[in-house]
Amino acid sequence: MWSYQKRLQYPVNIKKKDLRMAKYLVTQYGGANGELAAALRYLNQRYTMPDNKGKALLTDIGTEELAHIEMISTMVYQLMKDATIEELEAAGLSSHYAEHSRALFPTDANGVPFTVAYFATTGDPLADIMEDMAAEQKARAVYENLIDLADDPDVIGPLLWLRQREIVHYNRFKELFEYYQTKFELPNKIEPRQD
Amino acid sequence: MNYYDERDNVNSNMMPFDRQTFSQPAVNMNQNNNSNINNPNGIQPSNNSPVALLTPQEAFIRGNLFGNLYQQYKNYKPAVLTANNEQQRMYLNYAQLAFAAHELNLYLDNYPDDRTIVRLFNDYRTMANQALRAYEEKFGPITITSEQLNQFPWMWEQLNFPWDEGGI
């Protein structure tokens with residue numbers, strides 16, 4: 001189970017409304033490489049990891065991704081807060097307003113809604129962990145695109161921080177991948193799967 | 001152990017957690033892999049360990065406890081967080097320690113036999129728990145297991161939620 005802490009993992013305090021940035025940033029909430037996809041991908045894959053090492057890492061990184069969903073959601077919320085209907089229309093967000101008013105909704109930067117197809121899972125630990133490594137690299141690349149598009153230090157700071165988390169997670173997954181490679185792929189070390 | 005530096009005391013009239021702009025020349029951490037040159041107070045786990053640990057304070061602003069894994073983006077420097085009052089100061093202290101413990105948690109998932117890091121994890125875990133209790137005692141509950149909830153009326157709503165003004 002999980003317990004909530006009433007705080008962000010890293011502080012977010014955006015004072016300047018910026019609907020353009022909100023529209024881009026939402027992809028790290030509901031896009032293919034976003035935090036929601038990451039959290040659900042890892043927390044879904046962990047059940048069929050072959051040992052407690054893999055189950056622990058996917059649980060702990062998946063849990064941290066939940067905290068990143070909250071950071072990104074907070075950023076999108078603060079960027080859109082107090083926007084008038086005219087401002088939303090000018091930013092191309094009137095269709096968002098029609099569907100969701102000022103509520104958050106997980107989509108990518110083009111407004112395509114989140115889908116569970118984003119959390120690829122095969123049940124093969126090597127394939128799944130390799131997928132997770134790629135996911136971290138793609139999320140890092142998207143954070144870099146977003147940093148390029150941003151001009152407010154209050155936005156750039158948390159984006160730099162979240163980008164760095166992708167790098168750490170990538171390296172942890174890579175270590176686990178190499179461990180499983182040795183454990184399962186080397187000759188004479190192949191162990192039967194539990195199924 | 002001192003987790004603060006003089007940056008905690010500047011800009012005292014500013015809004016919460018002001019970030020410095022990114023105009024200063026960048027420090028390229030990548031050239032200093034496996035060295036504590038950026039981090040004179042950094043704890044080095046052991047001579048043969050592949051990790052070069054930053055202090056909880058340095059790690060928290062970077063989002064990375066591991067100096068050898070840090071990769072700077074272009075010339076962007078990590079934002080420096082400034083605590084402007086006692087509440088922010090105590091909160092940052094907790095957030096830094098909790099982050100350091102979390103980073104070691106992920107590392108230990110892969111390397112459960114690293115005795116030095118197990119010890120360090122427990123140091124940070126203990127200090128983070130103490131810092132959390134001290135914060136909650138003064139400013140209200142962050143966690144639903146807080147002793148501060150043993151009061152009337154119900155205290156869980158005392159602190160604002162993180163996305164709202166005054167939230168952390």
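This is a predicted model: local features need pLDDT of at least 70, side-chain atom pairs count only at pLDDT 80 or more; totals for chains, interfaces and linings use all residues.
Local features need pLDDT of at least 70 and side-chain atom pairs count only at pLDDT 80 or more, while totals for chains, interfaces and linings use all residues. Residues are numbered from 1 along each chain as its sequence is written, chains are lettered from A in the order in which they are written, and side-chain values use heavy atoms, with hydrogens and water left out.

**View 1. Chain A has eight helices and zero strands.** Helices (H or I, at least four residues) and strands (E, at least two) are DSSP runs, numbered from the N terminus. The C-alpha trace of chain A spans about 65 × 30 × 30 Å along its principal axes. Among the 195 residues of chain A, 54% count as buried, meaning under 20% relative accessible area with a 1.4 Å probe, protein chains only. For contacts in chain A with a separation of 6 or more, 78% come from residues 24 or more positions apart; a contact means heavy atoms within 4.5 Å.

**View 2. Helix α3 of chain A, residues 35–45, is largely enclosed by the rest of the structure, because nine of its eleven residues are buried.** Among these buried residues are Glu35(A), Leu36(A), Arg41(A) and Tyr42(A). Which elements do the buried residues of α3(A) pack against? They pack against α2 (27–30), α4 (52–80), α7 (125–149) and α8 (153–184) of chain A.

**View 3. Here chain B meets chain A, with 51 residues of chain B in contact with 41 residues of chain A.** The area buried between the two chains is about 4000 Å², and carbon and sulfur atoms give 54% of it. Buried area is the accessible area (1.4 Å probe) that two parts lose on being put together, summed over both.

**View 4. A salt bridge joins the side chains of Asp148(A) and Lys74(B), at 2.8 Å from N to O.** The rule finds two salt bridges across the interface of chain B and chain A, each a side-chain nitrogen of Lys or Arg within 4 Å of a carboxyl oxygen of Asp or Glu.

**View 5. On the side of chain B that touches chain A, the elements giving two or more residues are β1 (18–19), α1 (56–62) and α2 (86–110) of chain B.** Which element gives the most? That is α2(B), with twelve residues.

Conventions. Buried means under 20% relative accessible area, exposed over 50%, partly exposed in between (1.4 Å probe, protein chains only).
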